[in-house]
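Morning, everyone. Let me put the model on the screen, and then we'll walk through it.

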Amino acid sequence: NVEWLMAGLDETPHFLGWHFFRREAWSFPPGLIRSYVDPLGTSVGYTDSIPGLAFVCKLFAAFLPDPFQYSGPWMFVCHSLQAAFGYLLMGTVCQHRWVQLLAGLFFLVSPVMIFRTFHIALASHWLLVASLWCYYRPVHRHALQHYRLWWAGLVGIAGLVHPYLGIMVLAFAGASIARESLVSYHLPVVDGAR
C-alpha cells in the first residue's frame, strides 16, 4: 500500500525518490537518478529514501511488486529497535527488568519519535539510543576489538540511513573510542558485561 505515502508530506518525496531510483539504470556515481528533478537529476541520498535500503531493494527490484515501498517495514523496525535499545540502555544503570521494560516503552512512545513518523529516515532514532548504550555499557578488556567493530558497523548503518544521523553516531563513536583509548589500561574485567 503506497497511498499513505502520497499525502504530500515528507514521506512523498522519500517514496518518489525510491520509485524513480528503482527504474534507473545502474550508473556511476552510485545512487544517481537522472529522471527525477528533470533535467538536473539528483541522488537517492538527497531524497531521504534511506539509501542503504534503496540499494538493497534495487538489487531485487525484478522480484518486488510494483509499486513497492519499504517505509512501513522500516518504521516497524525503527520502533522495535528504539524500544529494544531503550531497554538495553536502562540496563546500564539499573538491573531491574521491569524498570528496563518500562524505559523501553518510554523510548518507544517518546514525542520526538512520534513526531518523526512522517520523516522516515530521521525516525531512525534507535541509532542514537544504540550509540548511548554502546557508550555506557561495560566492556571486557579482551573485547575491545569487537567494541570497535560494533562502532564501525553502527556508523556505517547510520551513514546509509541519513547523513545527519551518521554524523551524530560518528561523534558518539569518536568520543567513545577516545575515552577507551585514554583509559583502556584501567578497564576492569567485567563478568557478564554485555
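Ile 50 sits in the loop between strand 2 and helix 2. Its phi is near 55 degrees, which is a positive value in a residue other than glycine. Ile 50 is also buried, at a relative accessible area of 2%. Keep in mind that this is a predicted model.

Asp 48 belongs to that loop too, between strand 2 (42-43) and helix 2. Asp 48 is not a glycine either, yet has a positive phi of about 55 degrees. Is Asp 48 buried or exposed? Buried, because its relative accessibility is 17% and the cut-off for buried is under 20%. Why point these two out? Because most residues other than glycine have a negative phi, and most peptide bonds are trans.

Pro 29 lies in the loop between helix 1 (11-23) and strand 1 (32-33). Then there is the bond from Asp 66 to Pro 67, which is cis with omega near 5 degrees. Look for Pro 67 in the loop between helix 2 (51-59) and helix 3.

Now the aromatics. How many aromatic pairs does a search of the whole structure find? It finds 8. One of them is Phe 85 with Trp 126, a stacked pair, 6.1 Å centre to centre with 15 degrees between the planes. Phe 85 is in helix 3 (residues 71-91) and Trp 126 is in helix 6 (residues 126-136), so this pair ties together parts 41 residues apart in sequence. Phe 85 counts as buried at 9% relative accessibility. Trp 126 is buried as well, at 6%.

Phe 85 has another partner. With Trp 150 it forms a tilted pair, 6.3 Å centre to centre and 55 degrees between the planes. Trp 150 lies in helix 7 (residues 144-161), so here the parts tied together are 65 residues apart in sequence. Trp 150 counts as partly exposed, at 30% relative accessibility. Put together, Phe 85, Trp 126, Trp 133 and Trp 150 form one aromatic cluster.

Stay on Trp 133 for a moment. The charged end of Arg 137 sits over its ring, 4.7 Å from the centre. Elsewhere, Lys 58 has its charged end over the ring of Phe 21, 4.8 Å from the ring centre.

Next, the surface. There is a nonpolar patch made of Trp 98, Leu 101, Leu 102, Leu 105, Phe 106, Val 109, Ile 114 and Phe 115. Together they have about 940 Å² of accessible area. Two elements give two or more residues to the patch: helix 4 (97-108) and helix 5 (111-115). Which one gives the most? Helix 4, with 5 residues. Leu 105 is in helix 4. Its relative accessible area is 44%, so Leu 105 is partly exposed.

Last, the cysteines. How many disulfides are there? The count is 0. As a reminder, a disulfide is a covalent bond between the sulfur atoms of two cysteines. Cys 57 counts as buried, at 10% relative accessibility. Cys 78 counts as buried too, at 0%.

Terms used: Residues numbered from 1 in each chain as written. Predicted model: local features only at pLDDT ≥ 70, side-chain atom pairs only at ≥ 80, totals over all residues. Heavy atoms only, no water. Disulfide = S-S within 2.5 Å. Buried < 20%, exposed > 50% of the residue type's maximum accessible area, 1.4 Å probe, protein only. Patch = residues over 30% accessible without salt bridge, like charges linked within 9 Å, V, L, I, M, F, W, Y side chains within 5 Å. Areas by Shrake-Rupley, 256 points an atom, 1.4 Å probe, with all protein chains shown as cover. Salt bridge = Lys/Arg side-chain N within 4 Å of Asp/Glu carboxyl O. Helix = DSSP H or I, 4+ residues; strand = E, 2+ residues; numbered from the N terminus. Phe/Tyr/Trp six-rings, centres within 6.5 Å; stacked < 30°, edge-to-face > 60°. Lys NZ or Arg CZ within 6 Å of the ring centre and 35° of its normal.
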